[in-house]
Amino acid sequence: MKGIIFVKLNQFVDELWGEEFWDALLQEAALPSEGIYTSVATYDDEELFTLVGLIMQKQELSAQQAQFAFGQWMFKELLLAAPPEAHKFTDVFEFLYGVQAVIHVEVKKLNPEAILPVFEFIQETDNSLSFHYISPRKMCYFCEGIIQGLAAHTGQTVSVEQPECVHEGGNRCVMKVTKVG
Ligand code: HEM
């Protein structure tokens with residue numbers, strides 16, 4: 001996983017619980033990188049899962065709560081690092097199509113070692129969009145949070161549900177985004 005995700009996790013934890021809490025996480029995690037992260041480098045995914053696991057344990061959060069909160073906070077940070085095309089989308093559905101068609105494609109060109117999730121669009125109605133979230137990392141809760149952060153950015157209100165989820169016994173994750181109100 002790209003360093004930007006770790007650098008931002010560090011910032012997110014600092015903002016919520018303070019630097020001492022981050023330092024305590026690093027001490028307990030005893031990671032190969034020692035927690036010294038730079039945005040452009042790439043680190044083992046396991047380091048992210050270890051850190052998030054410790055946050056869950058120490059803050060008594062479920063995987064869903066922890067990843068969702070980080071994703072929701074993370075959207076505005078991703079947008080700062082996004083290619084110019086990202087700024088032309090004004091609607092959540094348009095943006096989600098844009099992530100798959102343009103944004104993640106550009107990210108991959110700039111960072112060939114990045115592993116981006118694939119979104120396979122299944123169905124669109126007037127007020128809902130469903131897609132299959134495909135990633136070996138199984139970070140669908142993080143994805144749910146990013147989508148809520150995106151909706152805050154476009155000024156829309158959406159609900160995000162997963163009619164199927166690998167963490168709930170499903171064979172795959174299906175994200176269903178519905179515009180409400
Ligand atoms: C705003 C522009 C965006 C940029 C610049 C961006 C960039 C990135 C980058 C750099 C990573 C790390 C990949 C790696 O280290 O291998 C990532 C991961 C991810 N992105 Fe995006 N992203 C953006 C928007 C979105 C949106 C709107 C969604 C949700 C619908 C999304 C879903 C994800 C997920 C779920 C991951 C975690 C990795 C995984 O699931 O395998 N991204 N993105």
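Guide: A polar contact is a pair of N or O atoms within 3.5 Å; within protein, one atom must be able to donate a hydrogen and the other to accept it, and residues adjacent in sequence count only if both atoms are side-chain atoms. The model is a predicted one, in which local features need pLDDT of at least 70 and side-chain atom pairs count only at pLDDT 80 or more, while totals for chains, interfaces and linings use all residues. Numbering runs from 1 along each chain as its sequence is written, and side-chain values use heavy atoms, with hydrogens and water left out.

His104 is the only protein donor of the iron atom of the ligand, through NE2 at 2.2 Å; donors are N, O and S atoms within 2.8 Å of the metal (3.2 Å for Na, K and Ca), and a site may look incomplete because water is not among the atoms. An N or O atom in the side chain of His104 also lies 3.0 Å from a nitrogen atom of the ligand. His104 belongs to helix H5, residues 92-110; helices (H or I, at least four residues) and strands (E, at least two) are DSSP runs, numbered from the N terminus.

The shell around the ligand comes next. It holds 26 residues, and the closest are Lys2, His104, Ile115, Tyr133 and Ser135; to be near, a residue must have a heavy atom within 4 Å of the molecule. By class, 22 of them are nonpolar, two are polar and two are charged. Here Ala, Val, Leu, Ile, Met, Phe, Trp, Tyr, Cys and Pro count as nonpolar, Asp, Glu, Lys and Arg as charged, and the others, Gly among them, as polar.

An N or O atom of the Tyr133 side chain is 2.5 Å from a ligand oxygen, and one of the Arg137 side chain is 3.1 Å from a ligand oxygen. Helix H4 (63-80), H5 and H6 are the elements that give two or more residues to this shell. H5 gives the most, with six residues.

Most residues other than glycine have a negative phi. Lys138, in the loop between strand S2 (128-134) and helix H6 (140-154), has a positive phi of about 55°. Ala30, in the loop between helix H2 (19-29) and helix H3 (45-59), likewise has a positive phi, of about 45°. Ala30 is exposed at a relative accessible area of 64%, whereas Lys138 is partly exposed at 43%; buried means under 20% relative accessible area, exposed over 50%, and partly exposed in between (1.4 Å probe, protein chains only).

Gln162, in strand S3 (residues 158-164), counts as buried at 16% relative accessibility. Its side chain makes a polar contact of 2.7 Å with the side chain of Glu144.
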